[in-house]
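Me: Please go through the backbone and the charged side chains of this model with me. Show the structure before we start.

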Amino acid sequence: MHLSLYEASVPVFLHYLSRLTGFVEVAERFARENELSISELLSAKMAPDMLPFERQVVTATNFTLRATFPLAGEAIPPYGDFPETAAGLRDRAEHAASLLRSLQSPQFAGAETRMLESQAGEALVRLPATEFLFQYALPNFFFHVTAAYAILRSRGVPLGKEDFDGYHSYPREP
């Protein structure tokens, strides 16, 4: 079976954008129940030189557009201007998901022949499309999703593997 770059990217990003939104919702609930300011969780970091939770979510969300639109041969659309709040993170994810849903599989025809470029910190990454997706875009996206998850877990937010992937199911302790 041949897996297209559309199938390997857009549905994956859409699924995990919904998981990121779920992280934000669980963080909001945790903050409410524990009388914390949600801004404490949004600004939480795992290490001093690491991006805070809010920036991890923004970076992961924006990365979905940075990856898919060039694969489709399209310019990366504007990410949008959203407040650095929980509601802003949810709106940003929905905006990105809407843009991703606008992409259609036929737009990815011939994507394997494209060379794609992306700024990676101070480095310029230039890779054939297949390598770009599998060796750069997906790993970077999941790095930021995992970092967001780990930051919240380190603050006691009750997230589990089922929250991360949406497939697992485990009994919750009372």
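Reply: Helices (H or I, at least four residues) and strands (E, at least two) are DSSP runs, numbered from the N terminus. Residues are numbered from 1 along each chain as its sequence is written, and side-chain values use heavy atoms, without hydrogens and water. This is a predicted model, where local features need pLDDT of at least 70, side-chain atom pairs count only at pLDDT 80 or more, and totals for chains, interfaces and linings use all residues.

Me: Which loop holds Glu35, and is Glu35 buried or exposed?

Reply: Glu35 sits in the loop between α1 (5–33) and α2 (38–42). Its phi is positive, about 50 degrees, although Glu35 is not a glycine. Most residues other than glycine have a negative phi. Buried means under 20% relative accessible area, exposed over 50%, and partly exposed in between (1.4 Å probe, protein chains only). At a relative accessible area of 75%, Glu35 is exposed.

Me: How many residues apart in sequence are the parts that Arg90 and Glu28 tie together?

Reply: A salt bridge is a side-chain nitrogen of Lys or Arg within 4 Å of a carboxyl oxygen of Asp or Glu. The side chains of Arg90 and Glu28 form one, at 2.6 Å from N to O. Arg90 lies in helix α4 (residues 86–102) and Glu28 in helix α1, so the parts they tie together are 62 residues apart in sequence.

Me: Which residue in β2 stands opposite Glu117?

Reply: Strands β1 (residues 115–120) and β2 (residues 123–128) run antiparallel, joined by 6 bridges; two strands pair if DSSP finds at least two bridges between them. Glu117 also forms a salt bridge, with closest N and O atoms 3.4 Å apart, and the partner is the residue opposite, Arg126.
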